[in-house]
Protein chains: 2
Amino acid sequence: MRISKEHDVRRNEILDKAAGLFEERGYNNTTVNDILREVNIAKGTFYYYFKSKEEVLDAIIDRYLEIALEMAEAVKNRAELSPAEKLLQVIIGLRMGSPKSEVIQELHKPENALMHQKSIAGIVMGLTPIMKDIVQEGIEAGDFATPFPEQTIQIMLAAAFTLTDESMFSFSQEGQQRLIQALFYSLETLLGAKKGRFTSGLQELTERM
Amino acid sequence: MRISKEHDVRRNEILDKAAGLFEERGYNNTTVNDILREVNIAKGTFYYYFKSKEEVLDAIIDRYLEIALEMAEAVKNRAELSPAEKLLQVIIGLRMGSPKSEVIQELHKPENALMHQKSIAGIVMGLTPIMKDIVQEGIEAGDFATPFPEQTIQIMLAAAFTLTDESMFSFSQEGQQRLIQALFYSLETLLGAKKGRFTSGLQELTERM
């Protein structure tokens with residue numbers, strides 16, 4: 001028990017320090033030796049946890065995915081929220097959690113395109129079952145109506161993560177705002193929700209931000 | 001005039017032969033020297049047209065984009081088709097044109113993730129103005145109703161290209177079919193088209209295939 005806890009603590013320490021270095025000097029300019037020095041461990045210890053620097057970045061991304069999924073799961077279980085409020089909360093949580101982080105910025109560099117692609121697929125597939133449950137709850141409550149609860153979530157997530165990705169698309173600020181409005185409008189329309197259920201929440205949201 | 005034509009012919013010959021080699025032995029296993037031998041040109045001639053092997057792949061992708069855009073433009077101008085039929089034709093044309101091609105398969109290899117990402121952004125941004133014009137035509141004819149003609153196209157294209165990309169997502173055959181249905185249903189719903197306008201066309205389409 002104690003050993004397993006120590007294992008996780010050490011592993012997380014390596015990930016934290018590595019994430020710090022990636023942010024500070026960039027992923028490509030950081031070597032495994034830099035990480036060893038920062039964490040103050042021997043090469044053998046590092047390779048006990050990770051096969052390579054790539055695996056470290058992969059694990060950092062996985063940790064972000066886990067955090068996002070835990071957040072979504074927690075929102076899903078908040079009984080005081082309506083299904084539409086839950087979906088909005090998850091979306092807000094994703095926006096807060098990811099785009100500012102240094103590691104996600106790292107993903108947007110050309111040399112990390114593969115990991116970037118993997119992370120989009122990972123977050124879409126990870127969030128789908130949780131958000132589908134929320135949609136299902138909304139259908140049962142009579143708030144939503146769609147023959148494709150699961151696919152609607154996948155379509156909206158894939159479109160949102162791809163189009164708001166500044167390493168792939170660069171819209172003007174006005175274009176970006178219009179796109180966000182269109183995404184919420186599309187979610188509302190595809191879920192068969194009452195008009196304004198998501199788009200008015202968006203207005204509130206942007207006013208508060 | 002003659003020189004410029006020769007220039008294009010030679011350039012296209014290099015692209016054709018290179019595409020053949022990429023298909024035959026893979027992009028990473030093909031060298032610039034292999035291309036020189038296949039086209040029977042000197043190194044200097046190659047570098048007059050292209051800076052690197054990467055630039056050759058880039059140009060091959062650009063050529064596919066051009067073909068796709070010309071196809072979409074031609075469909076847009078076919079006066080005998082309704083706006084909904086035009087959108088369906090463009091979508092069918094994209095499916096015919098791209099996924100079987102050897103170069104698109106090349107894009108799905110891990111080492112070509114960046115070019116892959118660029119090609120998704122390129123095709124979405126390239127098709128948007130043409131398909132938006134068709135949507136606009138449908139709005140004026142009273143067939144469609146949406147406050148977001150441009151963004152609806154972008155959302156649907158980004159979702160479709162991302163989710164049907166087998167290097168990112170792997171659905172079961174049943175899951176894939178359900179996703180395709182959901183994509184057409186979503187297009188129909190977001191464009192405010194008459195129920196069945198796209199989904200019944202889809203049925204016909206799959207029956208013919």
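The side chain of B:K86 meets that of B:E137 in a salt bridge, with a distance of 3.0 Å from N to O. This pair links distant parts of the chain: B:K86 belongs to helix α5 (residues 83-97) of chain B and B:E137 to helix α7 (residues 113-140) of chain B, and the two are 51 residues apart. B:E137 has a relative accessible area of 30%, and is therefore partly exposed.

B:D143 and B:R197 form a salt bridge in which the closest N and O atoms are 3.5 Å apart. Because B:D143 lies in the loop between α7 and α8 (149-163) of chain B, and B:R197 in the loop between α9 and α10 (199-208) of chain B, the pair ties together parts that are 54 residues apart in sequence. Both partners are partly exposed: the relative accessibility of B:D143 is 23%, and that of B:R197 is 32%.

Salt bridges are also found in chain A. The side chains of A:E80 and A:R78 meet in one, at 3.0 Å from N to O. A:E80 counts as exposed because its relative accessibility is 55%, where the cut-off is over 50%. A:R78, with a relative accessibility of 34%, counts as partly exposed. Elsewhere in chain A, a network of salt bridges links A:R10, A:E13 and A:K17. Over all chains, the structure holds 24 salt bridges.

The wider architecture of chain A can now be considered. Chain A contains 10 helices and zero strands, so that its pattern along the sequence reads α-α-α-α-α-α-α-α-α-α. The chain has 209 residues, of which 46% count as buried. Among the contacts in chain A with a separation of 6 or more, 62% are between residues 24 or more positions apart.

In chain A, where α2 covers residues 32-39, the buried residues are A:V32, A:D34, A:I35, A:L36 and A:V39. Helix α2 (residues 32-39) of chain B has B:V32, B:D34, B:I35, B:L36 and B:V39 as buried residues. What follows α2(A)? The helix is followed by A:N40, whose phi is positive, near 65°, in a residue other than glycine. A:N40 is placed in the loop between α2 and α3 (43-49) of chain A, and its relative accessible area of 68% is why it is exposed. Just after α2(B), B:N40 takes a positive phi of about 65°, and this residue too is other than glycine. B:N40 lies in the loop between α2 and α3 (43-49) of chain B and is exposed, with a relative accessible area of 69%.

The two chains meet through helix α9. Two packed helices are described by the angle between their axes and the distance between the axes. The axes of helix α9 (residues 173-190) of chain A and helix α9 (residues 173-190) of chain B come within 10 Å and cross at roughly 105°. The two helices are therefore roughly perpendicular to each other, because angles of 65 to 115 degrees are classed in this way. On the side of α9(A), A:S186, A:T189 and A:L190 meet B:S186, B:T189 and B:L190 of α9(B). By class, this contact has two nonpolar, four polar and no charged residues.

When its neighbours within four places in sequence are left aside, B:S186 is in contact with A:I155, A:L190 and B:M156.

The model scores ipTM 0.83 and pTM 0.83. Chain A has a mean pLDDT of 87, and 86% of its residues reach 70 or more. Which elements of chain A have the lowest and the highest mean pLDDT? The lowest, 63, belongs to helix α6 (residues 102-107) of chain A, and the highest, 96, to helix α8 (residues 149-163) of chain A. Where pLDDT is low, the predicted coordinates should not be read in detail.

Technical notes
Residues numbered from 1 in each chain as written. Chains lettered and ligands numbered in written order. Predicted model: local features only at pLDDT ≥ 70, side-chain atom pairs only at ≥ 80, totals over all residues. Heavy atoms only, no water. pLDDT = per-residue confidence, 0-100. Helix = DSSP H or I, 4+ residues; strand = E, 2+ residues; numbered from the N terminus. Axes fitted to C-alpha atoms, helices over the stretch in contact; angles between N-to-C directions. Parallel < 35°, antiparallel > 145°, perpendicular 65-115°, else oblique. Contact = heavy atoms within 4.5 Å. Nonpolar A, V, L, I, M, F, W, Y, C, P; charged D, E, K, R; others polar. Salt bridge = Lys/Arg side-chain N within 4 Å of Asp/Glu carboxyl O. Buried < 20%, exposed > 50% of the residue type's maximum accessible area, 1.4 Å probe, protein only.
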